[in-house]
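Here are my notes on the model, point by point. Please read them with the structure open.

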Amino acid sequence: MLIAHISDLHLGYSQFGLEEREEDVFTTFNEAIDISIREGVDLVILGGDIFHTPRPNGKAIITLANALKKLKEKQIPVAYVLGEHDISRMRDVPLARVFSNLGLATRLRLDQPLVVGNCEIYGADKERRSNIDKLVEDLHKMLQEKTILSSSSDSGRRRKRILVLHQGLTDMNKFAGEINSTDLPAGFDYYAMGHYHDHIEKRYQNLGGALLVYPGSIELTPSEGIKEVDKGFVLVDMSGQEATTRWMTLTSRRPQFSIEVDYDKLTEGIDSTIAKASSFAKKPVVKVLVAGKNLDPKVIAANLRRLNDSCLHYVWQPADEQQSSSLAFDERPADLDAELLRLAKDALGSEDVATLAVRDLLPPASAENPSAALDIIWDIFQKRLLGGASSSSSLSSLSFLEDDSKVGETNNNASSNDNNKSRSDDKKAANKRDGGGSAKSS
């Protein structure tokens, strides 16, 4: 049995707020689906963060719908779990579940597996650190209560077992992880993971030597910046005694690269950059590292404008600057999504509250629909009151928004206004560069 394991799609994300970059994500996703069909997979697993925001724009929704429809026509089932980007802090019904109701995909559960061929597939949606103990308990309860099916397939062989989670392992990243590999239950033949955006494959002895895989994101996302890196997904062969994988590189992606130029030889450096950029079929995204002393941003900006015809977008920073994020030539943040979330976190003192503000409240507010944003706040406030929130909690401090309840829980009284535009749509006009930074797509 052959499975396509694809994760962290982030449909609707537009790097630098550019429409071309949003389309690039759609293109790479469609390439992954076409490869899966061409390779004759029996199942497609989506490992979470299907959308970039809980309220994706129309293009993102239609792109996913068309892909699911194409797979259904080929009689290829799709199974998925939700990531943190798919789940709203207001506990509204995640949009991806609509496709389950339409019969286009199956949301995975721990208490009832999806059976495809000789495989049983289990899964759970993303859990935050505050609720991670409940997830670990539920994972091990599967074995204790013998939830895992013991029946054989039609061929008489034991069914292979797959567990799908959108969680980070602290073994690999102690800062971004929520659980340890020792928290995972043994007894599965393949652990299909999502959340980390790098391609990682590892076998753990405490899991019986079973293969655990993060395929990584299909495109560069806010936390990754500009870099030359392959992106793709994995094809998993479950027919042997052990699961084996084959890495599938997505070749339709727009190129990105960094290049260092000498401040005293800017003209020659820009010539080299143009020559490299012009060698690609698509206009690339470029980061220029300027080496030298007493750098004059105005001089650099004037020279970088020559890149407009050969690059989709470019940023620059001093070559010796030890910062994780680069600066655009006009001193704007290189990635507005990441910078906005960082500023909100610094101002509010909470990552959860900052995420709510940026992903849930900002889109309706910026779309001149403040009533929808107020509905979200009021709904959460009422739920906290009914749940016994302290009377000392205040709206000004946003402390009532700190909710440790299950991430994926639905709320029947949630606001029904789902027609708000995505944040990426609202920023596009503000991010277009005039004479530098961005140019028309090739």
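What share of the contacts between residues at least 6 apart in sequence join residues at least 24 apart?

1. **Overall.** The share is 73%. Please keep in mind that this is a predicted model. The secondary structure comes to ten helices and 15 strands. The protein has 442 residues, and 54% of them count as buried.

2. **The six-stranded sheet.** The sheet is open, and its strand order is S4-S3-S2-S1-S11-S12. The pairing is mixed. Strand S4 (106–107) and strand S12 (244–249) stand at the edges. Each has a single partner strand, so one side of each is left without a neighbour in the sheet.

3. **The parallel pairs.** Strand S1 (residues 2–6) pairs with S2 in the parallel sense, over four bridges. Within this pair, isoleucine 6 stands opposite leucine 46 of S2. S2 and strand S3 (residues 78–80) also run parallel, joined by three bridges. Here isoleucine 45 faces alanine 79 of S3 as its opposite residue. S3 and S4 pair in the parallel sense too, over two bridges. Alanine 79 stands opposite threonine 106 in S4.

4. **Packing of H1.** Helix H1 packs on the sheet. The strands touched by H1 are S1, S2, strand S11 (232–237) and S12. The direction of H1 makes about 175° with that of S1.

5. **Crossovers.** S1, helix H1 (residues 19–38) and S2 make a β-α-β unit, and the unit is right-handed. From S2 the chain crosses through helix H2 (residues 58–73) to S3. This β-α-β crossover is right-handed.

6. **The antiparallel side.** S1 and S11 run antiparallel, with four bridges between them. Leucine 2 stands opposite aspartate 237 in S11. S11 and S12 also run antiparallel, and six bridges join them. In that pair, valine 236 is set opposite threonine 245 of S12. S11 and S12 form a hairpin, with six residues between them.

7. **Burial of S11.** Why can S11 be called largely enclosed by the rest of the structure? Five of its six residues are buried, so the description holds.

8. **Proline 215.** This residue is found in the loop between strand S10 (211–214) and S11. Is proline 215 buried or exposed? Its relative accessibility is 1%; the cut-off for buried is under 20%, so proline 215 counts as buried. Leaving aside neighbours within four places in sequence, proline 215 has contacts that include His5, Ile6 and Ser7. Met193, Asp198 and His199 are also among them. Lysine 231 is 16 residues apart from proline 215 along the chain, and their C-alpha atoms are separated by 8.5 Å.

9. **The H5–H6 pair.** Helix H5 (residues 266–277) and helix H6 (residues 297–304) pack with their axes 10 Å apart. The angle is about 40°, which makes H5 oblique to H6. The crossing is right-handed. H5 makes the contact with Leu266, Thr267 and Ile270. H6 makes it with Val299, Ile300, Asn303 and Leu304.

10. **Valine 358.** This residue lies in helix H8 (residues 351–366). What is the relative accessible area of valine 358? The value is 5%, so valine 358 is buried. The C-alpha atoms of valine 358 and leucine 341 are separated by 6.5 Å. These two residues are 17 apart along the chain.

Terms used: Residues are numbered from 1 along each chain as its sequence is written. This is a predicted model: local features need pLDDT of at least 70, side-chain atom pairs count only at pLDDT 80 or more; totals for chains, interfaces and linings use all residues. Side-chain values use heavy atoms; hydrogens and water are left out. Two strands pair if DSSP finds at least two bridges between them. A crossover is right-handed if, with the strands pointing away from the viewer, the path from the first strand over the helix to the second runs clockwise. Axes are lines fitted to C-alpha atoms, for helices over the stretch in contact, and angles run from 0 to 180 degrees between N-to-C directions. Angles under 35 degrees count as roughly parallel, over 145 as roughly antiparallel, 65 to 115 as roughly perpendicular and the rest as oblique. A crossing is left-handed if the near helix is turned anticlockwise from the far one by less than a right angle, and right-handed if clockwise. Contact means heavy atoms within 4.5 Å. Buried means under 20% relative accessible area, exposed over 50%, partly exposed in between (1.4 Å probe, protein chains only).
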